[in-house]
Amino acid sequence: MTPDRRAFLRRSLQAALGGVALNSPLGNLVAVAAAARPAVPSTFSDYRALVCVFLHGGNDSFSSVVPVSPVDYAIYQATRPALALPLEQIQPNTLVPQPDGMPSDGATYGLHPSLAPLKALFEQQQLAIVANVGPLLGPITKAQYQANPLLAPPQLFSHSDQANFWQTSRPDDASADGWGGRIADLLLDANPDATLPMTISIQGQSLFQRGSLIDQYVVRGCAGGSCAAERIDYLGTYQNQLGIQTFQALAAEGAQSHMFERAYARATRRTIDHYETLSALISTVPDWNVPFPSTNLGGQLRQVANLISLRGPGALDMHRQLFFVGQGGYDTHDDQLAIQPGLLADLAQSLVAFQAAMAQLGVTDEVTTFTASDFGRTLSTNGDGTDHGWGGHHFVLGGAVRGGRFYGRMPSLAQHDNPDDAGYGQIIPTTGVDQYAATLAAWYGVNTGDLPLLFPRLGEYDSPNLGFMT
Amino acid sequence: MSTAGIAPSVAAATNDAIICAASPTCRWVSFGAQEEQAAIEGLRGVGTPTIRYFQIAVVLMLCLVARARAADDLVFGNGFEVPAISEADAARFLDQATFGGRPSDIAQVRNLGYEAWLEQQFSAPISLQKPYLDWLHANSQGVYQQARLEAWFMQAAQMTDPSDPTHAHSDQLRQRVAFALSEIMVVSDRNASLLFQPWALADYYDTLARNAFGNYRQLLEDVTLHPAMGRYLSMLGNRKADDVLNIRPDENYAREVLQLFSVGLVMLNPDGTVFDSDPVMPGVQPVPTYDQNVVRGFAHVFTGWNFSGCTAQNYGNCEPSNPYFAPWFTPMQPVEAFHDDTTAKQLLVYPGVGLPGGLLAPGANAQQEMAAALDNVFHHPNIGPFIARQLIQRLVTSNPTPAYVGRIAAVFDDDGQGVRGNLRAVVRALLLDPEARNGHLSAPETFGKVREPIARLVKLWRIAPGASANGRVFQYSHPQDQFAQLPLGAPSVFNFFRPDFAQSGEIRDAGLVSPEFQIHTDTQLVSMPNYLGWRIFWFWQGSNYDIAAAPEETLMDYSELRALAVNSAALVDRLNLLMMSGQMSDYMRQLLIARLDGPLPDQIPGLSGGTTEERRSLFRVQQALYLIVTSPEFSIQK
């Protein structure tokens with residue numbers, strides 16, 4: 001970070017602390033202020049990483065985790081005559097939870113057949129299911145929602161907004177940083193000797209990792225068997241010393257008069273620096289015993305595994321890392337029965353390979369992977385697909401997860417008189433993204449006292465920590 | 001053109017270094033430098049000694065004129081013609097209105113003036129993609145998405161079209177506006193169900209091009225009923241509710257047509273700023289434009305539409321079996337049995353809404369309801385500022401002032417003849433607006449936008465004309481991998497980048513947005529320079545590179561630039577005009593000249609043997625193009 005930027009932030013902080021409300025764009029900087037407190041440096045001797053797997057488009061989690069107990073299956077089937085998965089496809093993947101982690105409704109659930117590879121992880125207590133999570137301003141009942149929709153986040157059911165809410169957990173602030181980025185800002189001192197940012201996205205610029213102090217690094221996933229960092233060829237051209245100097249001088253700090261040019265030059269310099277760092281190391285990553293699927297998501301998670309393998313001193317020197325990967329295609333308005341199985345199979349196989357890689361590195365307990373998505377989909381269907389919903393189930397994986405359990409309250413799947421139905425099969429979340437995120441953040445290393453800085457509405461909930469992490 | 005840039009150009013043009021180069025007055029004249037350059041260029045090639053003395057005299061007079069103009073901004077008449085539009089200003093205008101000005105375009109704008117040039121563009125023959133696909137098909141060539149990209153590149157770069165060599169693709173403004181519309185009303189071949197439908201996507205793009213200067217209401221309807229959009233946002237095959245099966249109308253198109261194509265999520269002021277429902281409270285308290293009931297209302301309206309030729313009997317199973325069958329490029333048609341004609345639909349509510357309470361009474365057929373619903377959208381007060389702002393962002397600047405947005409939105413609301421939604425008037429107004437023309441002077445640190453990655457290749461192909469041996473435009477790799485974008489290839493309906501994306505750091509801290517920065521990630525800032533470098537260093541006419549020898553490979557013609565490259569400064573100044581509208585800093589100019597004057601490497605890409613002069617001219621053109629096209633200064637269109 002340049003001195004200028006520090007100076008700017010200091011000025012902004014003064015403005016922010018001078019009475020501007022949390023609802024202002026400067027609300028982001030409350031977390032920054034905490035990071036700036038000299039008395040509480042967040043340093044760590046151990047290593048931990050969080051990996052966000054974003055299912056773009058809104059996964060239909062009501063067909064990912066499906067009831068198998070007869071009464072409950074019948075309700076599900078009646079609600080979704082056109083889309084219900086056959087019982088015999090779910091039964092082999094019936095989940096047997098730990099006694100203290102039974103589904104809240106007493107039903108028995110199984111996994112979508114494509115998610116079968118995850119069953120073993122559930123049995124090994126490395127996989128937890130968090131029920132019906134979604135963006136909220138605080139707990140809300142159907143009656144409250146119907147009486148006053150303003151008690152719910154604005155622009156529900158829109159892709160961009162709900163995907164943003166998931167990534168910022170701040171539906172009250174359109175300009176908020178991502179909650180991953182806020183964690184990174186707060187734990188600014190966690191990686192004092194690191195050569196790359198704490199936040200790395202393998203899938204483009206992610207809002208989840210946008211921060212005020214730390215800029216995420218965007219790298220490519222592995223593709224076609226290659227995980228190599230790409231360089232700017234021109235800078236490696238033979239007999240091109242003057243050309244290289246010219247290229248660098250054009251992008252040099254202080255050489256541009258236009259704000260956008262400065263930003264472009266800064267991004268170019270950063271790309272070059274990060275390449276130098278990564279290229280020196282990437283050839284030292286291990287061969288993975290369990291191959292990753294040759295899919296886009298498989299290639300992304302493989303790259304995350306590579307980067308985690310480089311965490312040690314003398315390499316990237318990381319104590320805390322946040323990763324963002326993503327998989328698209330879940331917006332199944334059409335042909336859901338044809339599209340979703342392939343997506344979920346890719347997801348499950350990629351996650352299983354990733355967990356195997358973590359075991360190979362001996363960091364099963366240090367790395368936690370969790371899913372996020374725009375929203376759950378509607379219980380009702382539009383014939384061959386489902387529409388934008390609200391709450392949905394999510395998976396958390398890793399050795400530090402109190403797995404083999406269900407968390408939160410399972411919603412009703414009834415078509416009629418459903419107390420969780422916002423109106424058209426859109427299920428009101430019974431757990432807020434704030435709770436889900438705060439539970440992960442607390443494990444990652446955020447002090448309990450600092451959690452409200454990251455999640456200002458956390459106090460609205462009786463259980464700010466859902467207990468799915470050890 | 002920078003101030004200091006003028007002197008060497010003059011020297012090069014006249015082969016006489018004593019003229020302006022020796023005159024310190026010229027060096028320090030900024031106002032009028034373009035006029036000098038133009039006058040000198042106009043005299044090029046006339047070489048008798050007498051005329052050369054005349055040239056010298058004229059140039060010296062121009063220097064004095066320019067100096068006088070700089071001093072007190074005099075306007076000269078009496079037969080001494082000072083061109084109204086400088087070369088740099090014309091190039092800058094063309095950067096906004098087209099994919100970049102070629103020398104002939106710059107001359108044309110200067111001859112005609114902006115307004116007459118626009119009028120000429122409005123009536124230029126339209127270039128369409130679908131006929132190119134038909135031609136390939138008729139010639140037994142495989143037709144995939146690649147084919148429509150070929151057509152797009154041909155039209156954007158004005159290449160010779162093998163399907164119709166007489167067609168000059170002169171509709172540059174139309175193609176530029178169509179590209180902007182394709183980033184607002186998004187359809188994408190990334191969608192699995194459209195991946196193998198090149199005709200549908202080509203015709204969708206053609207639909208945008210046809211309507212680029214038409215009325216937004218018609219555009220909205222043509223987009224709504226296009227089978228590519230129908231498939232992409234699943235209005236195609238949408239059906240009325242069935243309580244027994246617990247089926248409800250698909251909300252996909254209903255939601256996005258409101259959120260992205262017309263009115264947006266929150267109520268706007270006429271200048272595009274967010275309406276604040278409670279000015280007393282700190283911060284802006286926005287008012288939602290619509291709620292879920294309205295989305296449901298539109299979803300119910302948009303029921304009963306399918307491919308042309310579908311019937312109630314085959315409604316769920318009537319997709320044309322071949323991508324070149326007409327229903328893929330014929331407007332969707334209604335099948336009333338699947339249209340909801342029994343429920344009232346809640347549509348948009350706003351001051352002056354035509355339907356009482358925004359409520360559409362039941363009973364009308366699918367066509368009537370669709371028309372009524374689009375009328376309801378079209379007359380919403382948000383649509384003008386919402387669309388105006390995005391068109392300005394796509395063509396001119398990421399951060400227009402509210403006053404600029406307000407002026408263009410007002411033209412959208414009423415073109416002066418009482419017509420609402422006249423895109424021709426909107427395009428004209430937004431390009432002629434004082435902020436478009438002078439924003440780089442009034443806000444020199446922030447005006448402009450990041451150049452779109454794929455437009456950089458087009459720009460290169462325009463200034464160093466690209467052509468292939470057989471007229472095809474073949475690319476080995478998918479542009480998505482190199483540029484993170486391709487026409488009608490966005491990752492989602494939210495386009496390659498969002499209108500409100502703000503690059504972290506100085507831009508975001510200043511409260512500004514920079515949409516195109518969203519795809520200029522760390523990986524993109526490697527892959528794009530590498531790809532452009534590959535084209536620049538290896539794909540030129542005469543290159544000995546084996547891949548460049550393929551008949552369908554587009555090769556750039558460096559002959560004009562290489563002729564200039566005898567003098568590094570002359571080459572840099574020429575490229576400054578053609579690529580950067582004369583806005584190159586002196587710092588950058590001096591760096592480039594020093595680089596081009598540097599030692600020749602042993603190997604020049606694509607060249608074996610050759611004289612020192614040949615090697616040097618090629619080296620200079622390659623280096624100059626690469627260093628400019630990847631530079632931070634070029635990367636921002638200002």
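User: So domain bounds here come from an automatic or database domain assignment. Which domains does that give for chain B?

Analyst: Keep in mind that this is a predicted model. For chain B the assignment lists domain 1 (3–82), domain 2 (84–118), domain 3 (252–378), domain 4 (384–442) and domain 5 (449–637).

User: How far apart are the C-alpha centres of domains 4 and 5 of chain B?

Analyst: Those centres are 30 Å apart. Where the two domains touch, five residues of domain 4 of chain B are in contact with six residues of domain 5 of chain B. On the domain 4 side, the residues divide into no nonpolar, five polar and no charged.

User: What about chain A, which domains does it get?

Analyst: Chain A is assigned domain 1 (42–226 + 296–460) and domain 2 (228–284). Their C-alpha centres lie 36 Å apart. Nine residues from domain 1 of chain A and six residues from domain 2 of chain A make up the contact. The domain 1 side of it has five nonpolar, three polar and one charged residues.

User: Switching topic. How many residues link chain B to chain A?

Analyst: On the chain B side there are 62 residues, and they are in contact with 65 residues of chain A. The elements of chain B that give two or more residues to this side include α14 (252–259), α15 (292–301), α24 (524–538) and α28 (612–629). Helix α24(B) gives the most, with six residues.

User: And what kinds of residue are on that side of chain B?

Analyst: There are 24 nonpolar, 24 polar and 14 charged ones on the side of chain B that touches chain A.

User: What scores does the predictor give the complex?

Analyst: An ipTM of 0.87 and a pTM of 0.82. For chain B, the mean pLDDT is 88, with 86% of its residues at 70 or more. Residues 1–80 of chain B have a pLDDT below 50, though this stretch still has 106 contacts in the model beyond near neighbours in sequence.

User: Why be careful with a stretch like that?

Analyst: Where pLDDT is low, the predicted coordinates should not be read in detail.

User: OK. What is chain B built from?

Analyst: Chain B has 29 helices and eight strands. It has 638 residues, and buried ones make up 56% of them. Of the contacts in chain B with a separation of 6 or more, 70% are between residues 24 or more positions apart.

User: Pick one helix for me. How does the span of α17 of chain B compare with what it should be?

Analyst: Helix α17 of chain B (residues 383–395) has 13 residues, which should span 18 Å at 1.5 Å a residue, and its end C-alpha atoms are 18 Å apart, so the two agree.

User: Is α17(B) enclosed or open, and why?

Analyst: Enclosed, largely, because 13 of its 13 residues are buried.

User: What about nonpolar cores, how many residues does the largest have?

Analyst: It has 185 residues, and those with the most contacts inside it include B:Phe298, B:Ala388, B:Leu571 and B:Ala624. Setting aside neighbours within four places in sequence, the contacts of B:Leu571 include B:Leu561, B:Leu596, B:Val621 and B:Ala624. A second, separate core has 111 residues, among them A:Ala107, A:Phe122, A:Ala190 and A:Leu301.

User: Why would nonpolar residues group like that?

Analyst: In soluble globular proteins, nonpolar side chains tend to be buried together.

User: Now for backbone angles. What is phi at B:Ser581?

Analyst: B:Ser581 has a positive phi near 50° without being a glycine. Most residues other than glycine have a negative phi. B:Ser581 sits in the loop between α26 (568–580) and α27 of chain B. A:Gln239 is also a residue other than glycine with a positive phi, of about 55°. A:Gln239 is found in the loop between β6 (217–218) and α9 (241–250) of chain A.

User: Last one, where is B:Ala469?

Analyst: B:Ala469 is in the loop between β6 (466–467) and α22 (479–483) of chain B. B:Ala469 is partly exposed, with 13 other C-beta atoms within 10 Å. From its C-alpha atom to that of B:Leu236, 233 residues away along the chain, the separation is 42 Å.

Methods: Residues are numbered from 1 along each chain as its sequence is written. Chains are lettered from A and ligands numbered from 1 in the order in which they are written. This is a predicted model: local features need pLDDT of at least 70, side-chain atom pairs count only at pLDDT 80 or more; totals for chains, interfaces and linings use all residues. Two residues are in contact if their C-beta atoms, placed from the backbone, lie within 7 Å. Helices (H or I, at least four residues) and strands (E, at least two) are DSSP runs, numbered from the N terminus. Ala, Val, Leu, Ile, Met, Phe, Trp, Tyr, Cys and Pro count as nonpolar, Asp, Glu, Lys and Arg as charged, and the others, Gly among them, as polar. A nonpolar core is a set of buried Ala, Val, Leu, Ile, Met, Phe, Trp, Tyr and Cys residues joined through C-beta atoms within 7 Å. A residue is buried if 20 or more other C-beta atoms lie within 10 Å of its own, exposed if 12 or fewer, and partly exposed in between; C-beta atoms are placed from the backbone. The expected span of a helix is 1.5 Å times one less than its number of residues. pLDDT is the predictor's confidence in each residue, from 0 to 100.
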